[in-house]
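Colleague: Could you take me through this model, starting with the terms you rely on?
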Amino acid sequence: MSLPSSSRETAGEADDYLERRKLRRGSAGWLLLTGLGVAYVVSGDYSGWNFGLAEGGFGGLAIAMVLMGAMYTCMVFALAELSSVLPTAGGGYGFARRALGPWGGFLTGTAILIEYVLAPAAISIFIGDYVESLGLFGLESGWPVYLACFVVFIGIHLWGVGEALRFSFVVTGIAVAALVVFALAALPEFDAASLDDIPVDSSAFGASSWLPMGLLGIWAAFPFGMWFFLGVEGVPLAAEETREPARTLPKAIRWSMGILVVLAVVTFVAAAGARGSAAVQDAGNPLVEALQPDGEATVLSRIVNYAGLAGLVASFFSLIYAGSRQLFALSRAGYLPRFLSLTSRRRAPYLGLLVPGAIGFALAAGTGNGARMLNIAVFGATISYALMSLSHIVLRRREPELPRPYRTPGGVLTSSVALVLACAALVATFLVDVTAAFIALAVYCVALAYFGLYSRRHLVAKAPEEEFAALAAAEAELSRERIEER
């Protein structure tokens, strides 16, 4: 029996190929990874989610948040299992590569990359808005602030992954502590009558005070319900830099999701109930708005305002990390140009950091439209969620005997729920911003053309994700031969 032949090739026949593309192993334990999972998302508690009130009202966004929370919870349990089986830097791409083949791997990896390149660009604009609103150093939101964000925080990542994750952990801790302070300050002002104060659209089917935009408003609010959790799926991308990944990753993923669910519920209810859904639905800084009923800044509102900046920094910083690791894995395996996966003496994928950073800065400085870039990121995210959930189902069916140090509660039923909800969220992106959806689709098509015409014939057999897939194919061929011999 021989390994299955394909269009893959061994990169340059060079013995040092993987040596020049090696990450620093053992740099993170479960606590730092849990902090990383929360850091990906925490900025979504401070801004963005509230625009869903304009799409579905309090009731519509509440239902959307519950459904999207269910989607992420089910998906996180599936990813916990997959990351214990395939602990590589490819994360979702690696899972899909094993389950769905090279095309499935590339489809998933590209969708994740769209999310993690566009989201930091959008957040850099929001950071600029915060800096300007706080009057920090007299700066205004613009390209100098965006450039400073990319230069400073990419520089920390180039210093080393351990240092980067510790920095992210501290900043995330500040942001989470401020959310607790916000809730304690806002809940005494809670008034249930304020939750459904958005005017009702009587022409909408199923409209009521709780669903002022009708039943369709629930669906339109899906992308905003996602903002409470968007990014947590990036934890497995740290697999090759983690101590005991088969044990550590599932634990960190589950803890991250648990913390995020609590923060989402408390933040949403406290903000809408303290000031009213109508007052915060269009606010760029809804938590601060909720603490300023008369429009006058208070000590607490200033604290939350500064903490909001910390939350944006934490998510910006962590998403840069996630994007660099996804790009690194795709490049190392030959799906993207191989030079992008080279690492420095400190084992940082320097081009994987610098190239997406340059693209992100150019987008931020050139467009200044953070909301649209986030909508494009959501489009990519929903595609990846559907494919990662499908990968779990396929591997459970195709390779039931595969050693699984962690098993998803509910098995394929759990990942099937995630798959259905992810597909519904994908369609919802067209309801919110059809232009953003078609821009993302165009980028996706260009990437797929590159893969179909060139890179699928130049994949690197030595890459861990490719070796996992080759081993699975070899085992399947061996099983068929045994059956035929009988």
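Modeller: Patches are made of residues with over 30% relative accessible area and no salt bridge, with nonpolar side chains (Val, Leu, Ile, Met, Phe, Trp, Tyr) joined within 5 Å. A salt bridge is a side-chain nitrogen of Lys or Arg within 4 Å of a carboxyl oxygen of Asp or Glu, and accessible areas come from the Shrake-Rupley method with a 1.4 Å probe. This is a predicted model, in which local features need pLDDT of at least 70 and side-chain atom pairs count only at pLDDT 80 or more, while totals for chains, interfaces and linings use all residues. Residues are numbered from 1 along each chain as its sequence is written, and side-chain values use heavy atoms, without hydrogens and water.

Colleague: Which residues make the nonpolar surface patch?
Modeller: Val181, Val299, Leu300 and Ile303 make a patch of about 320 Å². Helix H12 (residues 299–332) gives the largest share, 3 residues; helices are DSSP runs of H or I with at least four residues, numbered from the N terminus.

Colleague: Is valine 299 buried or exposed?
Modeller: Valine 299 is exposed, at a relative accessible area of 65%. Exposed means over 50%, buried under 20%, and partly exposed in between (1.4 Å probe, protein chains only).

Colleague: Changing topic, which residues of H15 are buried?
Modeller: They are Thr414, Ser415, Ala418, Leu421, Ala422, Ala425, Ala428 and Thr429. These buried residues fall within an arc of 130° seen down the axis of H15, so they line one face of the helix; the arc is that of the directions from the helix axis to the C-beta atoms. Leu413 and Val420, on the other side of H15, are exposed.

Colleague: And how many helices and strands does the chain have?
Modeller: The chain has 17 helices and 0 strands, a strand being a DSSP run of E with at least two residues.

Methods:
Patch = residues over 30% accessible without salt bridge, like charges linked within 9 Å, V, L, I, M, F, W, Y side chains within 5 Å.
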